[in-house]
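Biologist: I would like to go through this model and ask what stands behind the words used for it. Please show it first.

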Amino acid sequence: MTVTEENTANTASAAEAVVPATSRGERFSSYDVEAFEVPGGREENWRFTPMKRLRGLHDGSAAATGEVKVDAEAAPEVRVETVGRDDARLGEAGTPSDRVAAQAYSAFTGATLVTVPKETKASKPTVVRITGPGEGRTAFGHVQVRAERFAEAAIVLDHVGSGTYADNVEFVIGDGAQLTVVSVQDWADDAVHVSEQHLRLGRDATLKHIVVTLGGDLVRVSPTATFAGPGGDVDMLGLYFADTGQHQEHRLFVDHEAPHCKSNVLYKGALQGDGAHAVWIGDVLIRAAAEGTETFELNRNLVLTEGARADSVPNLEIETGEIEGAGHASATGRFDDEQLFYLQSRGIAEEQARRLVVRGFFHEILMRIDIPEVRERLENAIEAELQAIGA
Amino acid sequence: MATLEIKDLHAGVVTDEGSKEILKGVNLTIRSGETHAIMGPNGSGKSTLSYAIAGHPKYEVTSGEVLLDGENVLDMGVDERARAGLFLAMQYPVEVPGVSMSNFLRSAATAVRGEAPKLRHWVKEVKDEMAKLDISAEFAERSVNEGFSGGEKKRHEILQLALLRPKFAILDETDSGLDVDALRVVSEGVNEYTANNDVGVMLITHYTRILKHIHPDYVHVFAGGRIVESGGKELADDLEENGYVAYIEKADAAAV
């Protein structure tokens with residue numbers, strides 16, 4: 001067993017490894033919004049979120065005044081349907097663990113259900129495009145992706161448009177299934193999106209869960225991974241680019257309750273402009289029964305300009321010594337003048353040198369996104385972000 | 001035929017407490033075809049001289065000029081200086097994660113040459129130069145300097161020298177951290193470049209051992225932020241024999 005810990009000097013805010021006062025495994029969850037107290041903002045899971053900008057999603061004052069538009073472009077092997085609240089399959093992957101998620105669960109009217117049939121390999125990625133309800137409107141939603149046993153598929157959830165939106169997204173991954181998911185938050189500047197994503201892996205299931213957050217006024221995505229049986233393997237990758245005034249929060253929880261499962265978390269973000277704020281929380285819990293667990297989590301932030309702030313908090317709780325390995329690392333750095341100088345000293349103009357460095361920073365994540373269309377779009381999006389500051 | 005003239009250069013390092021003067025009036029002229037060894041003890045300001053000429057942001061030039069064929073490079077940006085024909089092989093080459101060596105070299109060559117080298121020729125050119133320096137092909141796909149050993153980093157600095165073909169090359173302690181074989185390979189790389197190009201070299205070093213491989217036309221002793229003695233090869237022999245002590249005293253006396 002190896003336990004490693006690395007905290008590199010942090011220029012924006014101290015990255016601290018914290019073992020919380022109460023175990024992450026004991027956090028309350030419920031489908032019922034009224035079972036949660038209205039958060040005031042000082043609670044552990046809300047302390048980084050600017051509550052006023054949630055537009056009432058957390059206190060019951062945000063009524064549904066619109067709907068999201070859902071367009072699916074599915075692989076021929078994949079089934080996409082809209083089902084009612086009473087569909088027995090809903091809620092299978094997990095229970096809402098905060099009041100906004102419970103609010104979304106209590107308020108949605110129809111759910112989008114994507115099914116990859118058992119022992120089927122989808123011939124192309126399935127894209128589900130979710131367009132916000134429009135500026136000044138609020139909507140609640142629910143999406144469930146089911147990969148039946150030994151299914152193989154790639155699903156892209158593409159969030160675009162304006163408005164306020166809270167949802168739960170479920171991934172029910174059957175035994176031996178292999179699923180790649182990319183959730184892109186490419187919202188317009190006004191959008192507020194609070195999303196809890198429930199990742200439930202069956203025995204020997206493999207999931208690559210990729211979160212990409214680019215737009216929006218406030219985006220808070222909380223993926224929770226759980227294992228229904230041994231042998232599960234989850235890769236959780238994230239890429240975010242926070243601009244002036246944007247709040248982007250990613251709260252991860254990997255709950256190792258089954259033996260011989262693996263989790264690997266890699267989130268990288270760049271920040272630029274006044275008031276750009278990124279929050280990354282990485283909770284990993286290895287329960288007593290989860291012998292043979294292998295886990296590693298890493299968060300890196302690149303602060304490109306003054307006035308941007310990154311908070312990064314990895315938490316690792318280990319209740320058994322019988323593990324393969326566990327570790328975490330977190331670092332936030334300013335744009336590296338030495339790298340820039342080195343490239344420029346070889347004749348490369350400053351603008352191009354900056355691009356090379358930022359592209360290089362995201363390279364290891366982009367290389368792991370094996371859907372060419374998505375990777376290309378992200379490369380272009382990063383270029384556009386860099387052009388926005390004239391870098 | 002090109003000339004690099006350093007005239008009464010004063011420069012310091014920028015810290016939170018302000019600027020601390022390190023270079024106290026450096027004068028030196030280097031012409032194409034000449035190799036000048038700058039030798040000095042630790043802390044004498046040798047590296048500051050190289051960084052000040054290249055334009056490192058941590059160093060501030062307070063007065064003086066560095067003229068490349070009459071044009072003051074101190075008025076140019078870091079990248080412009082490189083495009084004008086200056087090259088600095090660094091003592092501590094910087095790691096740039098996620099940027100492949102091949103992408104970096106091609107970007108640099110494109111910038112310095114003013115146009116993208118033709119791909120077919122370029123691939124061969126890089127391959128040949130890498131072979132000369134005993135660099136294995138896999139390095140092309142590795143991130144710039146990332147995880148390279150000290151010797152591998154220095155070889156790559158000389159690889160860049162060969163590919164970017166500057167008019168003046170400053171080699172800042174290129175010999176430090178090299179074992180005997182690596183020192184020979186790197187020195188041969190430099191010698192091959194100087195033999196085939198009309199280039200001026202400023203070779204900054206603490207030790208005399210590299211001078212057995214690269215033969216300087218002039219040797220300058222650097223102490224207390226300026227050149228305190230200039231001569232030929234015999235000066236290096238004197239340093240080998242007697243060390244820097246006499247020159248440090250000389251610099252101290254001058255500073256009083």
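This is a predicted model: local features need pLDDT of at least 70, side-chain atom pairs count only at pLDDT 80 or more; totals for chains, interfaces and linings use all residues.

Biologist: What makes up residues 134–361 of chain A, in helix and strand?

Modeller: That stretch is 9% helix and 59% strand, and its end C-alpha atoms lie 34 Å apart. The UniProt record, an unreviewed entry, places "domain: SUF system FeS cluster assembly SufBD core" at residues 134–361 of chain A.

Biologist: Why is A:V254 called buried?

Modeller: A residue is buried if 20 or more other C-beta atoms lie within 10 Å of its own. A:V254 has 27 such atoms within 10 Å, so it is buried. A:V254 sits in strand β14 (residues 247–256) of chain A. Leaving aside neighbours within four places in sequence, the contacts of A:V254 are A:A225, A:V234, A:S263, A:V265, A:V284 and A:T295. A:L199, 55 residues from A:V254 in sequence, is 9.2 Å from A:V254 in space, C-alpha to C-alpha.

Biologist: What makes helix α1 of chain B mostly covered?

Modeller: In α1 (residues 46–54) of chain B, 9 of its 9 residues are buried. Among them are B:K46, B:L49, B:Y51 and B:I53. B:G55 follows α1(B) and has a positive phi, near 95°.

Biologist: How do you know that α3(B) and α5(B) meet, and which residues are involved?

Modeller: Contact requires C-beta atoms within 7 Å. B:L105, B:A108, B:A109 and B:V112 in α3(B) meet B:Q160, B:L163 and B:L164 in α5(B). By class, this contact holds 6 nonpolar residues, 1 polar and no charged.

Biologist: What describes the packing of two helices?

Modeller: Two packed helices are described by the angle between their axes and the distance between the axes. The axes of α3(B) and α5(B) come within 10 Å and cross at roughly 35°. The crossing of α3(B) past α5(B) is right-handed.

Biologist: Which elements of chain B each supply at least two residues of the side that touches chain A?

Modeller: In the contact between the chains, 20 residues of chain B meet 21 residues of chain A. On the side of chain B, α2 (78–84), β7 (96–100), α3 (101–113) and α5 (150–164) each supply at least two residues. The residues of that side divide into 14 nonpolar, 4 polar and 2 charged.

Biologist: Where do the domains of chain A lie?

Modeller: The domain assignment gives domain 1 (3–334) and domain 2 (336–391) of chain A. Their centres, taken over C-alpha atoms, are 26 Å apart. Domain 1 of chain A puts 20 residues into the contact and domain 2 of chain A puts in 16. Elements giving two or more residues to the domain 1 side are β7 (152–160), β9 (178–185), β11 (206–213), β13 (233–242) and β15 (262–271) of chain A. That side has 14 nonpolar, 4 polar and 2 charged residues.

Definitions and conventions
Residues are numbered from 1 along each chain as its sequence is written. Chains are lettered from A and ligands numbered from 1 in the order in which they are written. A residue is buried if 20 or more other C-beta atoms lie within 10 Å of its own, exposed if 12 or fewer, and partly exposed in between; C-beta atoms are placed from the backbone. Helices (H or I, at least four residues) and strands (E, at least two) are DSSP runs, numbered from the N terminus. Domain bounds come from an automatic or database domain assignment. Two residues are in contact if their C-beta atoms, placed from the backbone, lie within 7 Å. Ala, Val, Leu, Ile, Met, Phe, Trp, Tyr, Cys and Pro count as nonpolar, Asp, Glu, Lys and Arg as charged, and the others, Gly among them, as polar. Axes are lines fitted to C-alpha atoms, for helices over the stretch in contact, and angles run from 0 to 180 degrees between N-to-C directions. A crossing is left-handed if the near helix is turned anticlockwise from the far one by less than a right angle, and right-handed if clockwise. UniProt positions are given in the numbering used here, feature names are shortened, and annotations may be inferred rather than shown by experiment.
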